[in-house]
Amino acid sequence: MMASENGPEMQVITVPEGGLVFQTPEGRPLLVIRADSDTTHFALFAPNGRPAVTMNADEKVTTIGAFHADGVGHAGIAVDNRGGDISVSGSEGLVAARIGSRQSGGTINVSNNAGKAMAYMVAGSEGGVITVNTASGEPVVGLLAQTPGGVAIVHDANGETVWEARAGE
């Protein structure tokens with residue numbers, strides 16, 4: 001038994017080497033807990049036997065994932081000593097949106113169902129960038145904020161600059 005900070009003693013269960021599996025009487029997995037000297041893993045399963053929620057932690061990164069019962073769509077959170085990100089995938093299983101954070105700033109990426117970046121925004125210590133792309137991932141419109149001023153650029157279908165405006169120079 002172990003004393004709880006806010007109440008009665010708690011039961012202590014030592015997870016055996018290889019992990020611990022909770023399952024239904026029919027053998028369907030419900031929950032897995034596993035740990036070794038480097039990693040801790042937790043998985044909660046959907047009624048169809050696929051992982052629904054996973055959590056992993058080691059010395060470098062902690063991740064949390066939530067999955068649709070068909071195993072394709074998911075949302076995830078990852079955190080390391082430089083920052084973290086949140087990502088969501090669509091029905092094709094490819095990341096559709098991601099928000100990230102690093103010491104120098106943040107990023108937001110939005111992709112189409114083919115996994116091509118359609119728009120992204122990056123913020124850093126020197127300024128920010130916003131880019132909007134074609135369906136194939138080629139930049140069409142770009143905005144750059146910097147000191148002093150900024151730049152706005154429009155490209156044609158071949159990637160050639162057709163219009164540009166600069167401020168602060």
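Arg82 counts as partly exposed, its relative accessibility being 47%. In this predicted model, Arg82 also forms a salt bridge with Asp80, with 2.9 Å between the closest N and O atoms, and Asp80, Arg82 and Arg102 are linked in a network of such bridges.

**Charged side chains**

- The chain carries 9 positive and 18 negative side chains, and the centres of the two sets lie 4 Å apart.
- Side chains of opposite charge can pair when their charged atoms come close, and the count of salt bridges here comes to four.
- Asp85 forms a salt bridge with Arg98, with the closest N and O atoms 3.9 Å apart; because Asp85 lies in strand E9 (residues 83–89) and Arg98 in strand E10 (residues 95–102), the pair ties together parts that are 13 residues apart in sequence.
- Arg98 counts as partly exposed, at 31% relative accessibility.
- Arg166 and Glu164 meet through their side chains in a salt bridge of 2.6 Å, N to O; Arg166 is partly exposed at a relative accessible area of 48%, and Glu164 is partly exposed at 37%.

**Overall form and surface**

- The radius of gyration of the chain is 23 Å, whereas a compact globule of 169 residues would have one near 15 Å, and the C-alpha trace spans about 70 × 35 × 30 Å along its principal axes.
- Among contacts between residues at least 6 apart in sequence, 0% join residues at least 24 apart.
- Of the 169 residues, 16% count as buried, and the accessible surface comes to about 11400 Å², of which 59% belongs to carbon and sulfur atoms.

Definitions and conventions. Residues numbered from 1 in each chain as written. Predicted model: local features only at pLDDT ≥ 70, side-chain atom pairs only at ≥ 80, totals over all residues. Heavy atoms only, no water. Rg over C-alpha atoms; globule rule 2.2 N^0.38 Å. Buried < 20%, exposed > 50% of the residue type's maximum accessible area, 1.4 Å probe, protein only. Contact = heavy atoms within 4.5 Å. Areas by Shrake-Rupley, 256 points an atom, 1.4 Å probe, with all protein chains shown as cover. Lys, Arg positive; Asp, Glu negative; His and termini not counted. Charge placed at Lys NZ, Arg CZ, Asp CG, Glu CD. Helix = DSSP H or I, 4+ residues; strand = E, 2+ residues; numbered from the N terminus.
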